[in-house]
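Here is a short report on one chain and its ligand. It covers the ligand shell, a helix and the strand pairing.

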Amino acid sequence: MNLKLKIWRQPNASAPGKMVDYQVSDISGDMSFLEMIDVLNEQLIETDEEPVAFDHDCREGICGMCSMYINGEAHGPDRGVTTCQLHMRKFKDGDTIYIEPFRAKGFPVIKDLVVDRSAFDRIMAAGGFVSVNTSGNTMDANAIPIPKPDADEAFDAATCIGCGACVATCKNSSAMLFVSAKVSQLALLPQGKVEAKQRVLSMVEQMDKEGFGNCSNTGACEVECPKGISLSNIARMNREYLSASITGDK
Ligand code: SF4
Ligand code: FES
């Protein structure tokens, strides 16, 4: 395949950016999208040009680093996959592909396609954990019975990889799908119930501080989420938040 690429280039956080045209040739349909950018970067390095900066780590859909907008969609045109799992066979010879960073106030651009998603880390630090009693009387987690439906729902919520596609897709740049997945995975389990009220209040407070908007109720986040995180988590977080606010546990 021969492709025309239009890629957002921005030298640093404060400099203005612009779309720049590139051409790549002999791209195999079996390549991943990131491998296609690798080919472009090799070309650029050979001609002494600055390679395109993009985030990646695992390249197998686990780490959530490879966040970018491809033809106006977070992680591109396929469903249930991250950019690193997107195959070039989803495109046709002669296509023009627009590649941009995720755009949201809470995700400032660092360089080219790389954005700063440390806001998610701060939200997690605000409450996305279970405190462990190290008194010596800690109960073995496996000894605590958990109903199978609760375990399944908690596991589904826990598959969120923190990629930020939900934020980038939402017209309000809402982080509620991400935060609700993190709240739910713990709220559903007995181990997480102890700090549940404080957790939801603190995480939502930090989410608001980071500049993410409210849920738009359009459901675009669920559609673009590579892990199929359900909107029902947002409903659960809202219930948890309301209940914690009324009982004023914080
Ligand atoms: S909810 Fe989905 S889209 Fe949002 S951060 Fe988690 S995995 Fe990514
Ligand atoms: S590089 Fe890890 S999910 Fe894509």
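## Shell around ligand 1

In this predicted model, helix α5 gives the most to the shell around ligand 1: three residues. Helix α4, spanning 165-169, and α5 each supply at least two residues of that shell.

The residues around ligand 1 number 14. Those that come nearest are C160, C163, A165, C166 and C225.

## Buried side of α2

Which residues of helix α2 are buried? Within residues 118-127, they are A119, F120, I123, A126 and G127. These residues lie on the same side of α2, because they cover an arc of only 115° around the axis. The general rule is simple: an α-helix has 3.6 residues a turn, so residues three or four places apart point the same way.

What do the buried residues of α2 pack against? Their partners are α5 (176-187) and α7 (196-209).

## Strand pairing of β1

Strand β1 covers residues 3-9 and runs antiparallel to strand β2, residues 18-24. Seven bridges join the two. W8 stands opposite M19 in β2.

β1 also pairs with strand β5, residues 96-100. Here the sense is parallel, over four bridges. K4 has T96 in β5 as its bridge partner.

Terms used: Residues are numbered from 1 along each chain as its sequence is written. Chains are lettered from A and ligands numbered from 1 in the order in which they are written. This is a predicted model: local features need pLDDT of at least 70, side-chain atom pairs count only at pLDDT 80 or more; totals for chains, interfaces and linings use all residues. A residue is buried if 20 or more other C-beta atoms lie within 10 Å of its own, exposed if 12 or fewer, and partly exposed in between; C-beta atoms are placed from the backbone. The arc is that of the directions from the helix axis to the C-beta atoms. Two residues are in contact if their C-beta atoms, placed from the backbone, lie within 7 Å. A residue is near a molecule or strand if its C-beta atom, placed from the backbone, lies within 6 Å of it. Two strands pair if DSSP finds at least two bridges between them.
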